[in-house]
Amino acid sequence: MSSSDRSRAVGVKTYEVRTYGCQMNVHDSERLSGLLEDAGYVRAPEGSDGDADVVVFNTCAVRENADNRLYGNLGRLAPKKAGRPGMQIAVGGCLAQKDRDTIVKRAPWVDVVFGTHNIGKLPVLLERARVQEEAQVEIAESLEAFPSTLPTRRESAYAAWVSISVGCNNTCTFCIVPALRGKEKDRRTGDILAEIEALVGEGVSEITLLGQNVNAYGSDIGDREAFSKLLRACGGIEGLERVRFTSPHPRDFTDDVIAAMAETPNVMPQLHMPLQSGSDPVLKAMRRSYRQERYLGIIRKVREAIPHAAITTDIIVGFPGETEEDFEQTLHVVREARFAQAFTFQYSKRPGTPAATMDNQIPKEVVQARYERLVALQEEISWEENKKQVGRTLELMVAEGEGRKDGATQRLSGRAPDNRLVHFTKPDQAVRPGDVVTVEITYAAPHHLLAEGAVLDVRRTRAGDAWEKRTTEKAAAQPAGVMLGLPKIGVPEPLPAATSGCGCD
């Protein structure tokens, strides 16, 4: 008997959420899980692979074969659904917002289609589909409620995502996200800080501020320095050890933000700054509102203010009309900026974007060759930059599930303040995810560091306590997850954590 069969035998329905795309989607999936658990569903065990009463796809529309991937997965679920009366399938996210009725035409066994603006309707739509015995398609054209007002099942006990805005006011020619997420809508600063305080009260010690264009925060409320003020306010929250944010846009990255990063101790020395291209003509064709000189100027200012900052980026190779000279300019910026890591993308044509109909689409073989050259250069730089970390003593926040070989190597893994991944020797003293250890870096690889000596110090934290409590409850077969909602101002309640962006920031 499967786990879902056992659950149905005792009247409990299970759910599974499959997530594709950026951090915004990951956080939205935490909301979807919270909504379903609030409605009485229980999360299906890991590896259930569609063996759940409700399977939800939270989709992305940025990459080229996103729709093929979705319909392939839906096709594999069709026979399971046919053999299991009562099973339901829901599709949400950016692809659902874009394709709407197309989904139920191509996959008529889907029960619910919902968009990026109305994720809170999922339980109601599932029940309506069950009662009416027909597919429910509901796509809101504008945001019905800020996602942070919804219940949440956080994936981590010690780190959390906090949305500060939704939507985007940019018009990049390669990106379909603004059309699907809508115009930027900022959240009240007081609500953001109340949520963070409540999270810290639950044991969270690291938060990541999220926005499609996170440092444009304030444009909706008429305050150009709102984001830097928010960073500084985070510095005043007792118990909050680490603050990160993603993803900013060079257009809105002002000196007051750099100063706030440098002067606020719990804002980490890490910056993800999407480049996309180093060529001025290509940046113009992309409708990016900065040029190479402006971009490198930001990098220089950040390094002057925060010498140990690790800077990462997004780069698109093969945008329509990109010449060899244009590509060489991208390589030039990579050499000058010396990114710790770059998330590189081969340009993919997305229907509905201006770039999809541009002339001079680059042949696949040319794009592939340029992509390989870029990756090789960045790998070399990443390794060189990581080697500079050897000999440094760093505080790591112990992470869960980040070291795939930890069991075989008798190591644990953690994140340095600049977000570099470090594998370290397992100490005699028990440490938990969320605890902090001090180590000395002994070896560097292109994508991680090693601390092969003895751990210098272990600091047990409230975040580690929170992880231990959750793990104990899970082992005792109690429902996993932390159910969260919007706190009442002045009375924080238990409330509602990065990969890079989706290549569209």
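Buried means under 20% relative accessible area, exposed over 50%, and partly exposed in between, using a 1.4 Å probe and protein chains only. The model is predicted, so local features need pLDDT of at least 70 and side-chain atom pairs count only at pLDDT 80 or more, while totals for chains, interfaces and linings use all residues. Residues are numbered from 1 along each chain as its sequence is written, and side-chain values use heavy atoms, with hydrogens and water left out.

**Exercise 1. Residues with a positive phi**

Task: Where does Glu 133 lie, and is Glu 133 buried or exposed?

Solution. 
Step 1. Helices (H or I, at least four residues) and strands (E, at least two) are DSSP runs, numbered from the N terminus.
Step 2. The loop between helix H6 (122-132) and strand E6 (136-138) holds Glu 133.
Step 3. The relative accessibility of Glu 133 is 72%, so Glu 133 counts as exposed.
Step 4. Glu 133 is not a glycine, yet its phi is positive, at about 55°. Most residues other than glycine have a negative phi.
Step 5. Gln 410, also not a glycine, has a positive phi of about 60°. Gln 410 sits in the loop between helix H15 (406-409) and strand E17 (411-415), and with 51% relative accessibility Gln 410 counts as exposed.

**Exercise 2. A cis peptide bond**

Task: Which residues does a cis peptide bond join, and what is omega there?

Solution. 
Step 1. The bond joins Thr 246 and Ser 247, with omega about -10°.
Step 2. Ser 247 is in the loop between strand E12 (242-246) and helix H10 (255-263).
Step 3. Most peptide bonds are trans.

**Exercise 3. Annotated cysteines**

Task: Which residues does the UniProt annotation "binding site" cover, and where do Cys 22 and Cys 94 lie?

Solution. 
Step 1. An unreviewed UniProt entry gives "binding site" for Cys 22, Cys 60 and Cys 94. UniProt positions are given in the numbering used here, feature names are shortened, and annotations may be inferred rather than shown by experiment.
Step 2. Cys 22 lies in the loop between strand E1 (14-19) and helix H2 (23-38). Its relative accessible area is 9%, so Cys 22 is buried.
Step 3. Cys 94 belongs to helix H4 (residues 94-99) and is buried, with a relative accessible area of 7%.
Step 4. Contact means heavy atoms within 4.5 Å. Leaving out residues up to four places away in sequence, Cys 94 touches Thr 59, Cys 60, Ala 61, Thr 116, Leu 180 and Arg 181.
Step 5. UniProt (unreviewed entry) also places "binding site" at Cys 168, Cys 172 and Cys 175. Cys 168 lies in the loop between strand E9 (165-166) and helix H7 (177-181), and Cys 175 lies in the loop between E9 and H7.
Step 6. Cys 168 counts as buried at 9% relative accessibility, and Cys 175 counts as buried at 12%.

**Exercise 4. Helices H8 and H9**

Task: At what angle do helices H8 and H9 pack, and which residues of H9 are buried?

Solution. 
Step 1. Axes are lines fitted to C-alpha atoms, for helices over the stretch in contact, and angles run from 0 to 180 degrees between N-to-C directions.
Step 2. Helix H8 (residues 189-201) and helix H9 (residues 226-234) pack at about 30°, and their axes are 11 Å apart.
Step 3. H8 and H9 are therefore roughly parallel; angles under 35 degrees count as roughly parallel, over 145 as roughly antiparallel, 65 to 115 as roughly perpendicular and the rest as oblique.
Step 4. From H8, Thr 189, Ile 192, Leu 193 and Ile 196 make the contact with Leu 230, Ala 233 and Cys 234 of H9.
Step 5. The buried residues of H9 are Ala 226, Phe 227, Ser 228, Leu 230, Leu 231 and Cys 234. Their cover includes H8, strand E11 (206-210), E12 and H10.
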